[in-house]
Amino acid sequence: MILFGTKGYLYQLAILTLVCGQCGNPAAHTLRKRVTKFTLFFVPLFPISTKYTTQCTFCGAEQKVTKEQAEQLQAQAAGGQGGQQYGQPQQQPYQS
């Protein structure tokens with residue numbers, strides 16, 4: 001007996017401030033990567049598909065983006081132009 005199937009993984013890559021195409025508000029958008037992997041005996045072996053999306057935190061609208069657009073948005077977030085890298089602490093000035 002052979003057990004096989006798929007399992008999905010969701011990675012949050014960055015948080016950006018963009019103007020939403022749905023509601024028109026400048027709001028935070030999460031850049032996400034969804035990877036579906038083939039599993040054999042519940043062990044993920046290799047990716048079957050990879051999809052990138054942005055989701056507006058104001059209205060919840062989700063928009064598909066290409067891999068190139070996702071890399072560009074992630075570089076923009078890492079460069080400090082409109083967002084912050086997910087998981088990185090925000091640096092704030094010391095105030096006494």
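This is a predicted model: local features need pLDDT of at least 70, side-chain atom pairs count only at pLDDT 80 or more; totals for chains, interfaces and linings use all residues.
1. Overall composition. The protein chain holds one helix and five strands, and from the N terminus on the order of its elements is β-β-β-β-α-β. Of its 96 residues, 20% count as buried. The accessible surface amounts to about 7,100 Å², and carbon and sulfur atoms contribute 53% of that area.

2. Strands 1 and 2. Strand 1 (residues 4–19) and strand 2 (residues 26–40) run antiparallel and are joined by 15 bridges. Within this pairing, Ile15 stands opposite Thr30 of strand 2. The hairpin that these strands form has six residues between the strands, and Gly24 takes a positive phi near 80° there.

3. Strands 2 and 3. Strand 2 also pairs with strand 3 (residues 43–56), again in an antiparallel manner, through twelve bridges. Leu31 has Thr54 in strand 3 as its bridge partner. In this second hairpin, two residues lie between the strands, and Phe41 takes a positive phi near 55°.

4. Nonpolar surface patch. Phe41, noted above for its positive phi, also belongs to a nonpolar patch on the surface, together with Met1, Ile2, Leu3, Phe4 and Phe42. The accessible area of these residues together is about 810 Å².

5. Met1. Is Met1 buried or exposed? This residue lies in the segment before strand 1. Met1 counts as exposed because its relative accessible area is 89%, and the cut-off for that class is over 50%.

How values were computed:
Residues are numbered from 1 along each chain as its sequence is written. Side-chain values use heavy atoms; hydrogens and water are left out. Two strands pair if DSSP finds at least two bridges between them. Helices (H or I, at least four residues) and strands (E, at least two) are DSSP runs, numbered from the N terminus. Patches are made of residues with over 30% relative accessible area and no salt bridge: like charges are joined within 9 Å, nonpolar side chains (Val, Leu, Ile, Met, Phe, Trp, Tyr) within 5 Å. Accessible areas come from the Shrake-Rupley method with a 1.4 Å probe; for residues, only the protein chains shown count as cover. A salt bridge is a side-chain nitrogen of Lys or Arg within 4 Å of a carboxyl oxygen of Asp or Glu. Buried means under 20% relative accessible area, exposed over 50%, partly exposed in between (1.4 Å probe, protein chains only).
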